[in-house]
Amino acid sequence: MGTRARPSGLTITERDAALIRGMIERGDRHHDIAAFFGLNQGRIAEVKDGKRFPDVPPASPDELPPKGPYLTPKANWMENRLAS
């Protein structure tokens, strides 16, 4: 039996939940939203389904970050490596 990874220490705040809901309403993919926040897609689904922060309304479109996809650390590393 394997061991579990250490917790990341990242938590979702009410403000994060509002942004997540706004990004979902905008049509962002759960994968892209998760990458933006450094979370897994399960946490995004919990916010969407109301299991976390059920009373937090979505953020307005003008408050949202630019639409993804967001570069992962690997993509950033590859870009920097190719630029060298």
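Mentor: Start with a term: the radius of gyration here is taken over C-alpha atoms. Keep in mind that this is a predicted model.

Trainee: Okay. What radius of gyration does the protein chain have, and what would a compact globule have?

Mentor: The protein chain has 15 Å. A compact globule of 84 residues would be near 12 Å.

Trainee: And what box do the C-alpha atoms fill?

Mentor: Roughly 45 × 40 × 20 Å, along the principal axes.

Trainee: How many helices and strands are there?

Mentor: The protein chain has 4 helices and 0 strands. Along the sequence the pattern reads α-α-α-α.

Trainee: Which share of the contacts joins residues at least 24 apart?

Mentor: Take contacts between residues at least 6 apart in sequence. Of those, 71% join residues at least 24 apart.

Trainee: New topic. How much of the chain is buried?

Mentor: 29% of the 84 residues count as buried. The chain exposes about 6200 Å². Carbon and sulfur atoms supply 54% of that area.

Trainee: What about charges? How many positive and negative side chains?

Mentor: There are 13 positive and 11 negative ones. The centres of the two sets lie 10 Å apart.

Trainee: How many aromatic pairs does the structure hold?

Mentor: The structure holds 1 aromatic pair. The partners are Phe36 and Phe37, with ring centres 5.1 Å apart.

Trainee: Why is the pair edge-to-face?

Mentor: Because the planes of the two rings stand at 80 degrees, and over 60 counts as edge-to-face.

Trainee: Is Phe37 buried or exposed?

Mentor: Phe37 counts as buried, because its relative accessibility is 15% and the cut-off is under 20%. Phe36 is partly exposed, at 37%.

Terms used:
Residues are numbered from 1 along each chain as its sequence is written. This is a predicted model: local features need pLDDT of at least 70, side-chain atom pairs count only at pLDDT 80 or more; totals for chains, interfaces and linings use all residues. Side-chain values use heavy atoms; hydrogens and water are left out. Helices (H or I, at least four residues) and strands (E, at least two) are DSSP runs, numbered from the N terminus. The radius of gyration is taken over C-alpha atoms; the globule rule is 2.2 Å times the number of residues to the power 0.38. Buried means under 20% relative accessible area, exposed over 50%, partly exposed in between (1.4 Å probe, protein chains only). Contact means heavy atoms within 4.5 Å. Accessible areas come from the Shrake-Rupley method with a 1.4 Å probe; for residues, only the protein chains shown count as cover. Lys and Arg count as positive and Asp and Glu as negative; His and the chain ends are not counted. The place of a charge is taken as NZ of Lys, CZ of Arg, CG of Asp or CD of Glu. Rings of Phe, Tyr and Trp (its six-membered ring) pair if their centres lie within 6.5 Å; planes under 30 degrees apart count as stacked, over 60 as edge-to-face and the rest as tilted.
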